[in-house]
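Morning, everyone. Please have a look at the model on the screen, and then I'll walk you through a few of its contacts.

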Amino acid sequence: MPKRSQAGSQPDSQKRKRVYAACNECRRRRRKCDGNEPCASCDGYGYSCTYGNVQSPGELGDSSIAIRLHSSTPATGPQTEDPSGDEGAVSSVATRERGDGDVATNSAIALPRLVGRDMGVENPPRLHSFAWNLGIRPERRGTVGVVLSSYLTYDECRNLSSTYFTAVHPMFPFLSKESYFTRLQQKWQTLEEDPSFTAVVAGVSALGSFFSKTCHPNEESIKQHCFSILDLALSTPISPVDIESIAGWMLRAIYARLTTRPAVACLSIHTAIHMVDIISMRYEIASRVANSHSIGKKFEDGEADVRSSYYKSARFLDTLFSAEYGIFSVNQPRHRSNRWSSLSNVDGDHLTIMAGILHESQQLDKDSLSSNMDEQFRLLESIADEFPAISLFKAAVCLCLLRQYVPAGRKPGQLATKVSIAILTNSFEDVRTLITAGHPWWNLLMVPFHSACICLAFDNEPYLGLLPLAVDLLRMLADTYRTHMAKDALNTVLQLVEASKNDSDAKLKIKAAVLAQGGAVGTDMDWFAMDPTFSVDDWPTEFDFTMY
């Protein structure tokens, strides 16, 4: 086994240990390795930590290219059949074993290696951005300049993180609680050496503070520390684009959705989705196709499940935020659709179902609402309300479906009405539960507000029965939080109710005026007496109507 570290004359606490050879997994994932056996990264993620001879990035052989069909563009190189069954998928993807990303074989990144490989070169050029630019300016290097521990202690961080896993994790289970706390303990003293994980810790702590009954006095600084690292990584190579970068941007999107305007949250989750593409998280790489020229790199046990949980959360947040804001979600072509459904023992199935419902419903036109929307409501109803937050987000998705009827001038059918009223009614109870628990999800206000608007829009007895419940919740929220947003929502609904009352009064006056014109008839009518020439015997029976 190669020597991995060298002790200096100074104690470890005063001199940083230098690692001379990283373990195989850290080299493959381009992570910093502490040289221990097992190292902190492998121990935290549950990887098999081994040391030995592995190829360097510049020495990759043919095993560094894995073929996967995913595009309708003709490929350079041999073709194989796509096991996914997607029609028209004919080109392939080249995989860089040094990182987590795939690149299409018709890309500028793959061309030099494919040319070298097809010429039979023993060591073809590596997958690299050759000639990407002239290199006239050096890459910008930057640091945040402040350590997270200047804003909170380790114990405070642990407490805030515990609140996060109680309040947020049940709804968005993309982080591993056990792995997170293990790494937090191991890395706290040297946290800034891993910027991506530092951003995750800061994001988790900021959300933990937000969901605490008493917020941390430095919540704003902790949040900004997370944002600064994420922003810097977009313009400098402070940290690689990896699964923790996606986690950081998802945490940022959730915090933004809780605290600021819609566009900011949408931009954050769109960034996360684009990073999902960069590291090819949409592909089920465990089932890569192998041919005579290439070997697919399979995930280790549990890694596919981890990537799946990240993808599910990112996709749901993207589809929900986009549907609520009224914009298109990040494009997800059919050949890149979610293929994680076959995986077992994966958390977040409720996210997959709700994201699919939102995606499918956005494809419907007004003429197909009645015939196709019932299936979406059935799927939504099938999601178990395991936690109050899940019930709340089910209601948010339900409202996204109901809003589509309003501009179309339609009303839900019997099944959609029954299911939607049940979902909204259940969520009202969970709103009260979450208020008591001190978990101020944005949907606490949005669900009763939009429920009231929907009741007034449909203006029929089943939905109007929800109106008093929704208004009572809005009054409770306004009294509890005493914010401008809560008061404004209540006042807006009350104004709409008043306008609806005036509208009803006007309708009653019109009907009364019609009856006042005279010719009113009694309740016991002899319809045949109105036409003395009418004979029942002469009535053609083929024109009779049958009740059913």
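How many aromatic pairs does a search of the whole structure find? The search finds 21. Keep in mind that this is a predicted model.

Let's take one pair. Where do the two rings sit? Phe 393 is in helix H13, residues 388–403. Trp 442 is in the loop between helix H15 (414–437) and helix H16 (443–458). So the pair ties together parts that are 49 residues apart in sequence. Buried or exposed, these two? Phe 393 is buried, and Trp 442 is buried as well.

The pair also belongs to a cluster linked by ring pairs. Among its members are Phe 227, Phe 321, Phe 393, Trp 441 and Trp 442.

Two of those rings have an arginine over them. Arg 252 lies over the face of Phe 227, 4.3 Å from the ring centre. Over Phe 321 sits the charged end of Arg 257, at 6.0 Å from the centre of the ring.

Back to H13, and its contact with helix H11, residues 349–361. The two helices pack at an angle of about 10 degrees, with axes 10 Å apart. H11 and H13 are therefore roughly parallel, since angles under 35 degrees count as such.

Who meets whom? From H11 come His 350, Met 354, Ile 357, Leu 358 and Ser 361. On the H13 side, the contact includes Phe 393 again, along with Lys 394 and Val 397. The residues of this contact divide into eight nonpolar, two polar and one charged.

Definitions and conventions:
Residues numbered from 1 in each chain as written. Predicted model: local features only at pLDDT ≥ 70, side-chain atom pairs only at ≥ 80, totals over all residues. Heavy atoms only, no water. Phe/Tyr/Trp six-rings, centres within 6.5 Å; stacked < 30°, edge-to-face > 60°. Helix = DSSP H or I, 4+ residues; strand = E, 2+ residues; numbered from the N terminus. Buried < 20%, exposed > 50% of the residue type's maximum accessible area, 1.4 Å probe, protein only. Lys NZ or Arg CZ within 6 Å of the ring centre and 35° of its normal. Axes fitted to C-alpha atoms, helices over the stretch in contact; angles between N-to-C directions. Parallel < 35°, antiparallel > 145°, perpendicular 65-115°, else oblique. Contact = heavy atoms within 4.5 Å. Nonpolar A, V, L, I, M, F, W, Y, C, P; charged D, E, K, R; others polar.
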